[in-house]
Amino acid sequence: MALALDVGIILLYFALISGIGLFMGRREKSLLDFALGGRQIPWWAIMASIIAAETSAATFLGAPTEGFKKRSLAYALLTFGVILGRYVVSRWFLKPFYLYKVYTVYDYLEIRFGASTKNFVSALFLIMRTLASGTRLFVPSIVMVLAWQVLQNGGNPVVVSQQPTTSVGPYLIAIILLAVLTGIYTTKGGIKAVIWTDVVQATLMFGSALLAVGFLLSSVGGFHGLAQAVPEMGTVGGYLASGFDKVGIHDWQVSQKMITAGAAALPMGPMDWLKEIFTNDYTLVSALIATTAANVAAFGTDQDMVQRLLTAKTRKSASRSLMTAAVMDIPIAVTFTFIGILLVAFYKNNPALQPKASADVFGAYILNVMPPGVRGLVLAGVFATAMGSLSAALNSLASSATNDFYVPFVAKPRGYDEGRILGAARFFTIVFSVLMVVVAGAFAYLKVKNPDIGIIPVVLGIAGYILGPMLGVFLLGVFTKNRGSDLGNRFALIVGLLATTILGDLPGKISKSYSLHIPWDVSFTWFGFIGATAVLLVGIWFRTPASVLEKAEERAKQAEDGVDVPLAMRG
């Protein structure tokens with residue numbers, strides 16, 4: 001009976017979300033509707049959609065893992081750069097996007113530099129987003145596999161002292177199920193289905209997280225019990241990781257194998273301080289500089305995030321959505337990281353229930369400890385975060401592939417046909433659904449082989465390798481009047497990609513046998529900053545042709561006159 005209640009809640013959630021998505025897509029007639037919702041979405045719905053997309057299942061399960069491993073709120077420190085980064089996007093990036101009425105953010109690059117730059121960067125986005133979102137798709141399958149084991153065990157707690165399963169098969173089944181359910185309503189409903197289902201999913205996500213905090217606090221004896229079990233929460237280090245305090249320096253030196261865990265910290269020289277800044281994941285410097293750059297990249301160059309902002313009626317509404325979501329990110333990050341700290345106390349009191357893999361600590365608690373009904377709601381919250389981020393990624397990928405490649409190279413020679421273009425967008429949604437299943441399945445295989453692979457570093461690291469160089473090109477366009485060209489940008493992007501690949505030791509991340517053995521293992525938080533800087537330093541030496549600048553003025557006049565069709569069809 002208890003299991004039936006949980007299953008019923010989850011099935012009701014799936015039915016509700018699918019119904020909303022299909023209902024919202026009943027009037028899709030053009031790419032403008034499918035990709036931008038006719039530019040008529042209210043700001044508060046866009047805000048909720050942004051929250052749902054960025055708070056993926058990787059955050060729902062990954063942020064507690066970071067809190068559990070670090071025994072502090074250090075992960076939430078990264079939100080400091082969120083507000084700074086999004087202010088930059090709101091203040092400077094959104095203006096040209098609305099001035100030219102772009103369909104994808106990469107349209108701006110064609111207007112500012114030329115078609116070659118647009119095609120290069122858009123292709124990078126398609127690769128990056130497929131890999132990053134495909135990896136995210138694996139995350140909720142962890143909980144689905146654990147849930148299946150609970151069902152097989154008659155509703156009794158599963159044995160979590162070992163890795164949940166040594167086979168990829170169960171994960172793959174869960175991945176396919178989520179991809180099919182999400183792909184159906186996204187294919188039919190487009191961005192309107194994405195945003196309006198996200199409103200429900202964001203509410204459910206944060207509500208279920210608060211439920212988890214409440215139950216965990218009661219089970220560990222409240223804040224007093226927490227302080228006794230996790231003494232770090234009685235110190236500054238439990239809340240703020242500057243990276244330069246005694247504990248932070250000691251832990252960093254241990255991670256770098258400079259000292260053993262029981263030894264005293266060594267004196268730090270100038271190069272040691274610099275190395276710590278670039279190799280430590282969570283410090284005040286990375287929060288203020290690296291995370292700011294990462295957020296400018298995410299909300300200024302990543303179609304997955306920018307697309308929602310383009311659905312607003314005005315730039316002012318888009319800015320309001322973006323900044324409000326940024327402020328909301330702080331309590332959300334703190335809540336999920338705090339869950340991980342509470343789990344430290346819980347498993348200290350209940351060691352038999354602690355799973356072997358750190359990535360499973362929250363999922364195992366949900367399934368084995370939470371009471372029926374509440375367990376179903378929290379599980380629905382996990383699936384809500386997964387489906388919210390997945391649907392957004394699918395729609396942005398399909399919109400970019402259609403607008404940036406299909407329309408100029410296939411639809412334009414045949415003549416403008418809204419029905420054919422809309423059909424192509426839906427076809428691409430299916431294609432990317434399949435590709436993400438492949439990526440998620442591959443990551444599931446890696447996770448089975450190495451249970452302690454960190455979810456957050458992998459997801460953010462994949463995006464950082466490519467988003468940084470992409471950001472560099474946009475910075476050239478937004479903050480200079482006549483610097484950057486198609487030729488120079490191609491060269492600069494290659495340099496930027498090489499910089500993040502080498503300094504981030506991408507071959508070594510794939511397999512230790514391919515490691516470049518870089519002296520400094522640069523943290524994933526810095527990938528975006530490094531890539532953008534490299535592109536800027538190279539691209540700024542090239543001048544924008546006068547003919548391109550003149551054409552841009554014509555494009556602005558077209559948009560002002562009310563022309564709102566894909567860029568390739570504007571003549």
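Predicted model: local features only at pLDDT ≥ 70, side-chain atom pairs only at ≥ 80, totals over all residues.

Leu422 touches Glu28, Lys29, Ser30 and Phe34, when residues up to four places away in sequence are not counted.

**Helix H17 and helix H16**

- The axes of helix H16 (residues 374-414) and helix H17 (residues 418-449) come within 8 Å of each other and cross at roughly 135°.
- The two helices, H16 and H17, are therefore oblique to each other.
- The crossing in which H16 passes H17 is right-handed.
- On the H16 side, the contact is made by Leu390, Ala393, Leu394, Leu397, Ala398, Ala401, Thr402, Tyr406, Val407, Ala411 and Arg414.
- On the H17 side, the contributing residues are Arg420, Ile421, Ala424, Ala425, Phe428, Thr429, Phe432, Ser433 and Met436.
- By class, the contact of H16 with H17 comprises 15 nonpolar, three polar and two charged residues.
- An α-helix has 3.6 residues a turn, so residues three or four places apart point the same way.

**Helix H16 and helix H8**

- H16 also packs with helix H8 (residues 169-220), at an angle of about 140° and with the axes 5 Å apart.
- The crossing of H8 and H16 is left-handed.
- In the contact of H8 with H16 there are 21 nonpolar, 11 polar and one charged residues.

**The largest nonpolar core**

- The largest nonpolar core holds 169 residues.
- Which members of this core touch the most other members? They are Phe93, Phe97, Ile339, Leu343, Phe362, Phe383 and Phe474.
- Phe93 is in contact with Val88, Val296, Gly300, Leu471, Phe474, Leu475, Val478 and Phe479, leaving aside its neighbours within four places in sequence.

**Helix H11**

- In helix H11 (residues 270-279), the buried residues are Lys275, Glu276, Ile277 and Thr279.
- These buried residues of H11 pack against helix H10 (246-255) and helix H12 (284-301).

**Residues in loops**

- Asp302 lies in the loop between H12 and helix H13 (303-309).
- Is Asp302 buried or exposed? Asp302 counts as buried, at 1% relative accessibility.
- Apart from its neighbours within four places in sequence, Asp302 contacts Tyr106, Phe125, Met128, Arg129, Ala297 and Leu467.
- Arg39 is placed in the loop between helix H2 (31-36) and helix H3 (43-54), and its phi is near 55°, a positive value in a residue other than glycine.
- Arg39 is buried, with a relative accessible area of 11%.
- Lys101 occupies the loop between helix H5 (80-99) and helix H6 (105-112), and the phi of Lys101, near 50°, is a positive value in a residue other than glycine.
- Lys101 is partly exposed, with a relative accessible area of 24%.

Methods: Residues numbered from 1 in each chain as written. Heavy atoms only, no water. Axes fitted to C-alpha atoms, helices over the stretch in contact; angles between N-to-C directions. Helix = DSSP H or I, 4+ residues; strand = E, 2+ residues; numbered from the N terminus. Left-handed = near helix turned anticlockwise from the far one by under 90°. Nonpolar A, V, L, I, M, F, W, Y, C, P; charged D, E, K, R; others polar. Core = buried A, V, L, I, M, F, W, Y, C linked by side-chain atoms within 4.5 Å. Buried < 20%, exposed > 50% of the residue type's maximum accessible area, 1.4 Å probe, protein only. Contact = heavy atoms within 4.5 Å. Parallel < 35°, antiparallel > 145°, perpendicular 65-115°, else oblique.
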